[in-house]
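Reader: I am new to this structure. Please show me how to read its main features, one by one.

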Amino acid sequence: MKKARRFLALLLALLMLLATLTACGGKARTLMKVDDREISVNLYQLMLSIRKGEMAFAIAQSYGNANSAAFWGTVIDDTSSTYDDYYTAEVFNKLKSYAAALALFDELELTLPASYVKAVDEEMATLVAEDGDGKKAKLNSILAEFGANYDILREYKLMVKEVEYLIHSLYGQNGSKISAPLKEDYLKENYVAFKQILLSNFYYLFETDKNGDEIYYQNDGSIAYDTENGIRKVEDGAFVYYTEDGRIAYDKEVGRRKPVLDAKGNQVSQEYTKEEMLDRLNLALKLRDVAENESAATFETLRQSYSDEEFGNDYDADALNYLSTATSYSSISADWKTLDAIAAKLAELEVGELAILQTDAGIHLIRKYPVEAGAYADERYTQWFTDSLYGVYDFHGNLIDSLLTARLAAYEAEITVDTSLLKGLSLKSSPSNFYYN
């Protein structure tokens, strides 16, 4: 029965595609037009399915199911948009940008190198051979689910290549043609630098002894005793070290704690009570009073003593954290709304000023620092400025996007859209396309 339903679904999708393609004299209906460039509604459907596939994969790794109607109906924090509204508009605007870029491509009289076209045609040939068993018709029956066929998918791939070639022609690989002063201006206008003392609203559980004290172990699994300051006693033929009040004297500098794990292997945590969080808020206020009007060195000393952040062996006390004030982190992941709150608060501060804010992660005492020249190219800050799964940390990509968006504005203004073709098209209603992109 499931196979029958699947067959009927594919058949229906194929019939819908054929109806779309045969309308208007056998051509796919034009959704957008600018100058001599026309983009079909089927290409838009394909792009929606690709984005749905990207999000279905990424979201499944963290916090939800992008294939559920409930997810797409969820309102993004602090906005009136649902995830469906937001990301459908994102894809539509991306398509408009592509259309404008193609118009600029033509105006600059650029020609896509033969190697680019060859690469696309080789990809398409592989799909026909492997997925279509050597037949375009079979591949088309698969692509029909996404509103596409062989020609639509090839057109999409060539469009992406043309935009890519345009970007490389204007800005070089990874922004190599963009001047250093322009990069610095973008950095200073769109990024904030900070350090924080994080007082988390939860704590992790570690193995404890009979007194409730966390046990510290050597790398070989034996107890890490404080042999210099502890009082040595012999128990069961072995040396044991105690403090003066009769508790085990652990070497907390050398030793490591053993985490308590749940059945799935995740470390167990426990939230602080409201009363305990009030105490932690009072602590943050006291730390702010101490650090206010003092040097950055004073703040760093307090940070290493009180922050719940992890400081590894490669910790660099001079390294800063960076956030982009031009990025909506919460629209990418609900778990990242803390970053939006921190970036927004930092935008209000002067360099050297401190502020306290509370988020779902806990209490943050943040201090704003000057943005360092060339920070985007500093190896210490790779995590803040290089590409990620979502592209949010891609400094050069975001800069190029900003420059290109400004340049394409005039072309976008000339785009005409057949809005009647948009009815019923959205991320929520689109199937997830994990492969054909």
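**Sheet and helices**

Author: Start with the sheet. Four strands make an open sheet in the order β10-β3-β12-β11, with antiparallel pairing. The model is predicted, so local features need pLDDT of at least 70 and side-chain atom pairs count only at pLDDT 80 or more, while totals for chains, interfaces and linings use all residues. Residues are numbered from 1 along each chain as its sequence is written, and side-chain values use heavy atoms, with hydrogens and water left out.

Reader: Which are the edge strands?

Author: β10 (321-324) and β11 (354-359), since each pairs on one side only. Strands here are DSSP runs of E with at least two residues; helices are runs of H or I with at least four; both are numbered from the N terminus. From one strand to the next, the twist averages 40 degrees.

Reader: How do I read strand pairing?

Author: Strands of a sheet pair through backbone hydrogen bonds, either parallel or antiparallel. Two strands count as paired if DSSP finds at least two bridges between them. Take β3 (residues 191-200) and β12 (residues 362-369): they run antiparallel, joined by eight bridges. I197 stands opposite L365 in β12. A193 has Y369 in β12 as its bridge partner.

Reader: How many bridges pair β11 and β12?

Author: Six, again in the antiparallel sense. The two strands form a hairpin with two residues between them. Q358 stands opposite I363 in β12.

Reader: Is β12 buried or exposed?

Author: Buried means under 20% relative accessible area, exposed over 50%, partly exposed in between (1.4 Å probe, protein chains only). Eight of the eight residues of β12 are buried, so β12 is largely enclosed by the rest of the structure.

Reader: Which strands does helix α10 lie across?

Author: Helix α10 (residues 296-306) lies across β3, β10, β11 and β12, at about 40 degrees to β3. Contact means heavy atoms within 4.5 Å. Angles run from 0 to 180 degrees between N-to-C directions; axes are lines fitted to C-alpha atoms, for helices over the stretch in contact.

Reader: How do I read two packed helices?

Author: They are described by the angle between their axes and the distance between the axes. Here α4 (residues 83-107) and α7 (residues 150-171) pack at about 60 degrees, with axes 10 Å apart.

Reader: Which residues meet there?

Author: Among them are L95, Y98 and F105 in α4, and M159, E162 and L170 in α7.
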